[in-house]
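Please examine the structure below with attention to its backbone, its helix packing and its chain contact. The paragraphs that follow take these topics in turn.

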Amino acid sequence: MDEISEEDQLDRQLREAAPYLDDNGFTARVLHQLPAPGRTRRSLRGAILLAAALLASALAYVASDGGRFLIVAMTRLAALPTLWFFVVVFGSGILVMTAGAVAAIVKASELQS
Amino acid sequence: MELIDADLVARVLVDDDQHAFGELVRRHQSSVRGMLRQLTRTDVALADDLAQETFLRAYKNIRSFRGEARFSTWLYRIAYNCFREDARRRKEFVGIDEEQLQAEQDPQVVDSALRHDLMHALSLLPLHERSAVLLCCQNGLSHDEAARVLDIPLGTVKTNVLRGREKLKRTLAEWGPN
């Protein structure tokens with residue numbers, strides 16, 4: 001038992017004896033020597049996302065018989081009473097704004113950390 | 001919200017995010033540089049050069065980090081390999097100059113101001129014991145993790161830690177008040 005606590009004490013002393021080394025520009029020197037970040041990977045990712053979005057749009061257009069659902073939806077919207085039309089537009093705006101604000105807050109807290 | 005090492009590694013992998021890698025360097029620079037200073041027997045310039053090399057290698061090979069071990073353990077392994085390669089280049093690796101260094105740094109002739117200096121006592125240990133004690137006792141790695149870092153059998157690590165501890169205690173007792 002005594003031997004174990006003696007070992008623990010030695011380990012603790014060793015940890016305490018190791019000083020914290022201030023960075024003093026060490027990280028900056030390392031970062032300076034890193035190879036330039038690969039732009040190709042980012043642009044490739046962007047291209048893939050764009051291609052996927054275009055493909056999905058094309059598929060939706062074909063599957064919906066030339067976008068008929070859009071025309072039907074717009075006609076229904078136009079037929080709504082003015083008050084309801086205002087409520088739908090205002091509600092959509094609030095929804096989009098809230099989603100944007102949440103995304104911005106999450107991104108900001110990530111950048112701060 | 002503080003990101004854990006694994007999140008930062010993921011950012012480096014996915015976005016090639018050098019800021020995330022910078023954060024990893026900032027977090028681990030002290031322990032890696034401290035370990036290398038002990039391994040190089042407090043040759044600060046050499047230790048910092050090796051530490052830089054360690055982080056550069058880590059960045060270039062980050063895809064080989066599979067997250068099975070802690071990121072720090074993976075870094076220690078790279079650092080130890082950098083040290084070993086450099087020591088081989090300098091023909092100073094294990095055993096070759098150990099006896100000579102041991103004689104040069106005989107505890108009996110150590111400056112009295114350093115008598116209670118644990119770090120100095122640690123630097124007197126032979127390399128294989130020093131590295132095992134450094135990793136397990138000072139940096140808190142398990143014996144298993146240290147075995148992976150040093151690339152030696154688990155039993156050897158345990159023996160080296162045990163012997164290193166014994167020698168440290170003995171040295172400190174010799175330096176202690178009579």
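D151(B) is exposed, having 10 other C-beta atoms within 10 Å; by the rule used here, a residue is buried if 20 or more other C-beta atoms lie within 10 Å of its own, exposed if 12 or fewer, and partly exposed in between, with C-beta atoms placed from the backbone. The loop that holds D151(B) runs between α8 (143–150) and α9 (154–175) of chain B, where helices (H or I, at least four residues) and strands (E, at least two) are DSSP runs numbered from the N terminus. The phi of D151(B) is positive, about 60 degrees, although the residue is not a glycine. Most residues other than glycine have a negative phi. D16(B), also not a glycine, has a positive phi of about 55 degrees and sits in the loop between α1 (5–15) and α2 (18–39) of chain B. D16(B) counts as buried because it has 20 C-beta neighbours inside 10 Å.

This is a predicted model, in which local features need pLDDT of at least 70, side-chain atom pairs count only at pLDDT 80 or more, and totals for chains, interfaces and linings use all residues. Residues are numbered from 1 along each chain as its sequence is written, while chains are lettered from A and ligands numbered from 1 in the order in which they are written.

Within chain B, the axes of helix α4 (residues 71–89) and α8(B) come within 8 Å and cross at roughly 35 degrees; axes are lines fitted to C-alpha atoms, for helices over the stretch in contact, and angles run from 0 to 180 degrees between N-to-C directions. T73(B), Y76(B), R77(B) and Y80(B) of α4(B) meet E145(B), R148(B), V149(B) and L150(B) of α8(B), two residues being in contact if their C-beta atoms, placed from the backbone, lie within 7 Å.

Between the chains, the contact takes 24 residues from chain B and 23 from chain A. On the side of chain B that touches chain A, α2(B) gives the largest share, 8 residues.

Confidence is expressed as pLDDT, the predictor's confidence in each residue, from 0 to 100. Chain B has a mean pLDDT of 81, and 81% of its residues reach 70 or more. Among the elements of chain B, α3(B) has the highest mean pLDDT (92) and helix α5 (residues 98–104) the lowest (47). Over residues 99–115 of chain B the pLDDT is below 50. Where pLDDT is low, the predicted coordinates should not be read in detail. The model scores ipTM 0.73 and pTM 0.65.
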